Amino acid sequence: MVDGPAKGTRREVIGFAAAGLLAYAVDLTLFTALRGPVGLDPLTAKTLSFVAGCSVAYAGNALGTYRHTRPRGLRPYAVFFAVNAAGAAVQLLCLAVSHYGLGLTSQRADTVSGAGIGMVLATALRFWGTRTLVFRTGAGTGGTTGSWTGASGGRVGSWTG
């Protein structure tokens with residue numbers, strides 16, 4: 001049985017992934033509906049679905065994964081949105097490098113670079129940004145982040161060592 005920081009980190013990753021999967025489902029469903037029955041252009045539909053997905057991911061993380069941090073005000077949401085926008089930029093950059101820089105122009109190559117490699121790198125960036133820039137521990141820690149402990153149910157100390 002795993003106890004202590006490893007158990008807490010596993011819970012953090014699982015919670016983050018669950019919020020992200022729900023947000024992805026909302027993004028995809030809304031985008032499909034806005035493009036199809038509603039008839040919006042692709043950029044408007046994607047912008048609206050991205051904002052909705054970010055909002056769902058933020059709510060899932062704030063109310064679930066990082067509920068002990070009790071974020072307040074618009075600043076945490078704005079930083080969360082910026083972290084997610086940076087993640088989207090990483091995915092686009094991977095696609096652009098593969099398609100235009102390396103000349104790998106097949107649909108398979110685009111999928112691997114944008115939805116595969118880009119998604120992995122973007123998710124790592126989002127996880128890091130969410131845990132270090134958005135949901136910080138509260139008073140008495142100087143606003144720094146920390147790693148989970150099974151005993152306290154919250155983050156303490158520096159998770160980077």
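A residue counts as partly exposed when its relative accessible area lies between the limits for buried, under 20%, and exposed, over 50%. The legends below concern a predicted model.

Figure 1. Thr-44 is found in helix α2. Its relative accessibility is 33%, so Thr-44 counts as partly exposed.

**Figure 2. Overview of the chain.** The secondary structure consists of 4 helices and 2 strands. Read from the N terminus, the order of these elements is α-α-α-α-β-β. The chain has 161 residues, of which 32% count as buried.

Figure 3. Asp-27 belongs to helix α1, which spans residues 5–35. With a relative accessible area of 11%, Asp-27 is buried. Asp-27 and Lys-46 form a salt bridge in which the closest N and O atoms are 2.8 Å apart. Because Asp-27 lies in helix α1 and Lys-46 in helix α2, the pair ties together parts that are 19 residues apart in sequence. Lys-46 itself is partly exposed, its relative accessible area being 37%. The side chain of Asp-27 also takes part in a polar contact of 2.8 Å with the side chain of Ser-49.

**Figure 4. Lys-46 over the ring of Phe-31.** The charged end of Lys-46 sits over the ring of Phe-31. The distance from this charged end to the centre of the ring is 5.7 Å. Lys-46 is also the residue that forms a salt bridge with Asp-27.

**Figure 5. The salt bridge between Arg-131 and Glu-12.** Side chains of opposite charge can pair when their charged atoms come close. In the whole structure, a search finds 2 salt bridges. One of them joins Arg-131 to Glu-12, with 2.4 Å between the closest N and O atoms. The pair links distant parts of the chain, since Arg-131 is in helix α4 and Glu-12 is in helix α1, 119 residues apart. Both Arg-131 and Glu-12 are buried.

**Figure 6. The aromatic pair Tyr-58 and Phe-80.** A pair of aromatic rings is described by the distance of the centres and the angle of the planes. The structure holds 8 aromatic pairs. In the pair shown, the ring centres of Tyr-58 and Phe-80 are 5.5 Å apart and the planes meet at 65°, so the arrangement is edge-to-face. The cut-off behind this description is an angle over 60 degrees. Tyr-58 lies in helix α2 and Phe-80 in helix α3, and the pair links parts of the chain that are distant, 22 residues apart. Tyr-58 and Phe-80 are both buried.

**Figure 7. The aromatic cluster.** Seen together, Phe-50, Tyr-58, Tyr-66, Tyr-77, Phe-80, Phe-81 and Phe-135 form one aromatic cluster.

**Figure 8. Arg-70 in the loop between α2 and α3.** Most residues other than glycine have a negative phi. Arg-70, by contrast, has a positive phi, near 50°. Arg-70 is placed in the loop between α2 (42–65) and α3 (75–101). With a relative accessible area of 60%, Arg-70 is exposed. Arg-136 is 66 residues from Arg-70 in sequence, yet their C-alpha atoms are 8.9 Å apart in space.

**Figure 9. A nonpolar surface patch that includes Leu-102.** Leu-93, Val-97, Leu-102 and Leu-104 make a nonpolar surface patch of about 390 Å². Of these residues, Leu-102 is placed in the loop between α3 and α4, the latter helix covering residues 107–134. Leu-102 is exposed, with a relative accessible area of 59%.

How values were computed:
Residues numbered from 1 in each chain as written. Predicted model: local features only at pLDDT ≥ 70, side-chain atom pairs only at ≥ 80, totals over all residues. Heavy atoms only, no water. Buried < 20%, exposed > 50% of the residue type's maximum accessible area, 1.4 Å probe, protein only. Phe/Tyr/Trp six-rings, centres within 6.5 Å; stacked < 30°, edge-to-face > 60°. Lys NZ or Arg CZ within 6 Å of the ring centre and 35° of its normal. Patch = residues over 30% accessible without salt bridge, like charges linked within 9 Å, V, L, I, M, F, W, Y side chains within 5 Å. Areas by Shrake-Rupley, 256 points an atom, 1.4 Å probe, with all protein chains shown as cover. Salt bridge = Lys/Arg side-chain N within 4 Å of Asp/Glu carboxyl O. Polar contact = N/O pair within 3.5 Å; in protein donor to acceptor, adjacent residues only side chain to side chain.
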